[in-house]
Amino acid sequence: MIKTLRSVISLRKFDPNTRRRRLAKCGDIDDVRLLAKRQLPGGVFDYFDGAAETEWSMANNSAAFANVRLQPRVLVDVSNVNTACSVLGQSLPYPYAFSPTGFTRIATSAGELAVAKVAARHGVPYTLSTLGTRSIEEVAKVSSGPLWYQLYVWKDRGLSRELVQRAKAAGYKAIMVTVDTAVFGRRDRDVRRGFTLPPKIGLETFIDGIRHPRWTLDFITHEPITFSAVAGRGDVDGSTAITLSDYVNSQFDASLSWRDLDWVRSESGLPIMLKGIQTATDARTAVSEGVEAIALSNHGGRQFDGSPAPIELLPEVMDAVGNGIEVLIDGGVRRGSDVVKAVALGARAVMFGRPYLYGLGAAGELGVEWVIDYFNAGIRRTMALVGATDLAALRSNGALVERG
Ligand SMILES: Cc1cc2nc3c(=O)[nH]c(=O)nc-3n(C[C@H](O)[C@H](O)[C@H](O)COP(=O)(O)O)c2cc1C
């Protein structure tokens with residue numbers, strides 16, 4: 001009897017690693033998002049997951065990909081598909097990079113170090129945020145991969161200068177100036193929760209902490225979270241709880257304009273990418289200002305609610321700037337086919353933020369690995385299914401038929 005049973009039932013090998021077991025049950029980024037939601041206190045999850053006001057722009061960022069359709073070409077030999085591209089003179093194995101996200105250590109104590117390590121293992125560029133919770137040098141130390149530095153320009157120009165120079169000295173290869181944050185967007189979820197960085201412990205946080213013991217233990221047994229770029233400067237390092245909105249509005253320079261870009265360039269000597277371009281007109285100005293790259297982005301819907309989805313804006317911008325500048329997009333990219341659609345419409349590459357944060361919150365480094373494997377497989381599969389053997393073929397083989 002047992003012999004017969006054995007011959008018809010083949011048992012799956014039990015994986016003793018709980019995180020790996022949970023990830024194995026995830027089908028897509030939404031599943032990883034739900035896993036992160038279960039692992040993280042509500043305020044932390046909402047800080048990652050939320051967006052400005054009605055969150056329409058965030059939802060539209062992803063939804064807009066459904067309006068781009070790729071019509072597959074068949075009988076093309078796709079036994080070898082080449083996904084490589086180059087961005088700012090660096091070769092990337094796949095056409096995507098990690099967007100900068102502030103305060104990553106709130107998900108797990110390893111924070112930016114965990115994400116940067118996994119990114120480096122796969123050759124994915126990692127962008128460290130000015131609001132990072134690990135320093136420029138700490139991140140460089142754990143990463144042998146491409147690193148970019150995201151700059152918010154401080155009112156204190158001396159501080160901005162110091163950060164840019166430190167990034168250059170530590171081997172970062174580009175400065176990404178975020179230009180959509182003249183003032184901070186209103187994120188209603190954070191407002192409702194009274195969310196501060198670092199979090200203030202009220203009764204609600206306390207109860208949430210008990211319900212998420214793994215996160216809480218990690219949080220209370222590691223050094224306090226601060227803005228590492230300015231660690232030790234008690235006035236600005238975040239050692240006193242503050243809302244992100246008060247922080248950004250008091251510290252960053254709302255007078256930043258096109259005239260200041262020369263200053264950033266002369267301080268760093270590195271290529272510049274402007275992140276947060278949202279019109280063809282500004283894309284044209286970026287070309288005439290000699291900027292090397294732009295990222296069409298609405299900050300994942302976290303700044304101005306009502307801005308167009310970057311994937312919607314892309315064709316118009318490509319018409320306006322052609323090959324005059326490298327164009328990337330970020331916002332709402334959730335699967336390999338989204339990446340391929342953006343490349344087919346002319347983007348050099350894409351970036352994404354929340355997907356790797358969900359991975360990190362769900363399962364630490366393993367979760368970030370899962371996200372990379374998921375995107376890589378999705379990009380390869382989509383290219384094979386539409387009959388494109390490399391990224392240039394996506395733009396020339398007639399695979400793209402429709403949008404709107
Ligand atoms: C939690 C979080 C923190 C972020 N922090 C920054 C930041 O410090 N600097 C910045 O330029 N963009 C920041 N962004 C925006 C991302 O760089 C990126 O534009 C956005 O996440 C893209 O949308 P996606 O999350 O749908 O991929 C942040 C986004 C999230 C979700």
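Two residues are taken to be in contact if their C-beta atoms, placed from the backbone, lie within 7 Å. In this predicted model, 73% of the contacts between residues at least 6 apart in sequence join residues at least 24 apart.

The protein contains 18 helices and 12 strands. Its radius of gyration is 22 Å, close to the 22 Å given by the globule rule for 404 residues, so the protein is as compact as a globular protein of that length. Along the principal axes, the C-alpha atoms fill a box of roughly 75 × 55 × 40 Å. Buried residues account for 50% of the 404 residues.

In soluble globular proteins, nonpolar side chains tend to be buried together. The largest nonpolar core here comprises 120 residues. Within this core, the residues with the most contacts are Tyr-96, Val-115, Leu-151, Ile-175, Ile-294, Ala-347 and Val-350. Helix α17 supplies the largest share of the core, 15 residues. For Ile-175, once neighbours within four places in sequence are set aside, the contacts are Tyr-149, Leu-151, Val-164, Ala-167, Val-264, Ser-268, Leu-270 and Ile-272.

The ligand is surrounded by 24 residues, of which Ser-99, Gly-102, Gly-300, Gly-353 and Arg-354 are the closest. Two elements, α4 (42-49) and α17 (354-386), each give two or more residues to this shell. By class, the shell consists of 13 polar, seven nonpolar and four charged residues.

Key
Residues are numbered from 1 along each chain as its sequence is written. This is a predicted model: local features need pLDDT of at least 70, side-chain atom pairs count only at pLDDT 80 or more; totals for chains, interfaces and linings use all residues. A residue is near a molecule or strand if its C-beta atom, placed from the backbone, lies within 6 Å of it. Helices (H or I, at least four residues) and strands (E, at least two) are DSSP runs, numbered from the N terminus. Ala, Val, Leu, Ile, Met, Phe, Trp, Tyr, Cys and Pro count as nonpolar, Asp, Glu, Lys and Arg as charged, and the others, Gly among them, as polar. A nonpolar core is a set of buried Ala, Val, Leu, Ile, Met, Phe, Trp, Tyr and Cys residues joined through C-beta atoms within 7 Å. A residue is buried if 20 or more other C-beta atoms lie within 10 Å of its own, exposed if 12 or fewer, and partly exposed in between; C-beta atoms are placed from the backbone. The radius of gyration is taken over C-alpha atoms; the globule rule is 2.2 Å times the number of residues to the power 0.38.
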